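Hi everyone, thanks for coming.

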Amino acid sequence: MCGIVGYCGPRVVSQVLIEGLRRLEYRGYDSAGISIADSQQFTTVKKTGKIKELSAAVPEDIQGLSGIGHTRWATHGEVNDTNAHPHLDGSGKVVIVHNGIIENYEALKSKLKSQGKVFVSETDSEVISHLIAQYYEGDLEHAVIKVLPLLKGTYGLAVMHTSEPGKIVGARNGSPLVLGIGDHEMFIASDVTAILQYTKEAVYLNDGELVAMTKDGYKTFDINNNEISKQIEQINWEIEQIEKDGFPHFMEKEIYEQVASIKRAFTGRLSLDTASGHLGGLDMLPQELHSIERVKIIAAGTSYYASLIAAYLIERIARIPATAELSSEVRYKNPIVERNSLYFAVSQSGETADTLYAMRELQRKGAKVLGVCNVVGSTIARESNGGVYLHSGPEIAVASTKAFTSQLTIFYIFTLILARMRHMAFEDGLEFIKGLQSVPSHIEQILSKTDELQSLARKYYKHTNVLFLGRGLNYPVALEGALKLKEISYIHAEGYSAAEIKHGPIALINEETPSLFIVPDDALRDKVISNMKEVKARKGPLIAFAVEGDTEVAEIADDVFFVPRPMN
Ligand code: BG6
């Protein structure tokens, strides 16, 4: 995912940009660049590779009034210095950085070429700088306003012009942009982490909105040049939260943060007096909650797996029909919005395009969609019809970890609320709450046994295929486990319902393919044990995650990792 950072102000512009880009590294990139405006021209440096290489190539004595920077993840055109952003027009007067994809760039490019414009890169983005230069008549805002309707696709955009040094114009359509307000300095970024060390005052742009900023202030406006007054939001993250804090990787840090993040997700949201929960952000009266006839959840990736578990919980415990669907599928299937259905859009970042666009389509069809997001002020959080924040703190590792368990925590609370309104007795509500409150200490116990997990990893890391198997609500947990192994270790893994292996995947099982079974001590335990025996009969290595004291499972499996026995 590409990243944008921009700055107007008295600091050393290159340093602010490089530091901002460094903060955006976690999103992945293959090249990066910056452009700095002094009173006459731009100094542009672009480099394939890491930010430190870009930083080394930036002249030390560079002076500037404003600047824009970018981390690129190649989509159009190979990875090289020329295709890296920023992109200038032929005259060198306009410079842009762009996130998103311009779908009609080929048509725009051939028209511009027929007018004599010379392109240097293979990117879709370069057409934007040429077009802005063509429409520029002394006012950068006007030029950008004229060009945006010509672009089909998505953009988060930051633009500078040599005739207006110290000014940046930004525009958003489908790719996030946030402004940071400082004391006689202004920032723009695709993600607050890039500017958090300088300011906590932010303005989030919506699609169709633009900003013009200088060190002394900013103006937000729409495509018709009508000024829009926007609320200033406080960023509630601390700079320490986006540091590695002694951990080698953000992902490891975030796995360890779960003890605290789960607590934060339920703190103030559970009541022993009512034996129920309270999610104020839902903004729904008890009567409204009572009239829900079905729950539908949309999400992508890890959030989708959390949603599958949520649907399972809501049906099983609150006895309300519930389903989870991939937002990428809902988006294009002309969904039916049934009366008395409550929808959730679940997204850690609150920016995942498929989930956002699916949510908007559901809303157009009359659905009430509640957001379950982590990032405060994110687009899904703002555009949903109410919702709940996870309060997990920043999840810098792109592969989601702590957000998953916080999403589950929120849905456990939501399930409790619905169940208590229907058939769940007061005492059972209290038991449910105690169970939920015990989860952080169980996670702490599991994390204290990391060395056991490390030796399992050392034993199995050379295998090229792994099956993750579970049943009931552990079937989506198996899917999530397989996703993590694929994404992080580049080892092929598949998640299945343990019951399904006999319907095909069993053909894959041999001495080279380990199977990891999740075996809780629940109603399906004996069935899962039978599935384990099917694997054992084919000499497949067996790893089991079982409940402490389950000696039967330990005897069947080649390796067992025990988790604490949950409260019932
Ligand atoms: C993917 C990440 O790109 O986005 C996953 O690799 C994540 O880990 C998914 O779950 C969805 O993101 P979000 O922010 O909508 O929960």
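Let's start with the ligand: around it sit Ala300, Gly301, Thr302, Ser303, Ser347, Gln348, Ser349, Thr352, Val398, Ala399, Ser400 and Glu487, each with a heavy atom within 4 Å of it. A quick word on the source: this is a predicted model, where local features need pLDDT of at least 70, side-chain atom pairs count only at pLDDT 80 or more, and totals for chains, interfaces and linings use all residues. Residues are numbered from 1 along each chain as its sequence is written, and side-chain values use heavy atoms, with hydrogens and water left out.

What is this shell made of? It has 3 nonpolar, 8 polar and 1 charged residues; here Ala, Val, Leu, Ile, Met, Phe, Trp, Tyr, Cys and Pro count as nonpolar, Asp, Glu, Lys and Arg as charged, and the others, Gly among them, as polar. Helix H9, residues 301-318, contributes the most, with 3 residues; helices (H or I, at least four residues) and strands (E, at least two) are DSSP runs numbered from the N terminus.

Now the polar contacts, meaning pairs of N or O atoms within 3.5 Å. A polar side-chain atom of Thr352 is 2.4 Å from a ligand oxygen, and one of Ser349 is 2.6 Å from a ligand oxygen.

Finally, look at the open sheet: 8 strands, antiparallel, in the order E3-E2-E4-E1-E10-E9-E11-E14. Strands pair when DSSP finds at least two bridges between them. At the edges, E3 (42-48) and E14 (233-234) each pair on one side only. Strands E9 (178-181) and E10 (186-189) are joined by 4 bridges, and Val178 stands opposite Ala189 in E10.

Methods:
Polar contact = N/O pair within 3.5 Å; in protein donor to acceptor, adjacent residues only side chain to side chain.
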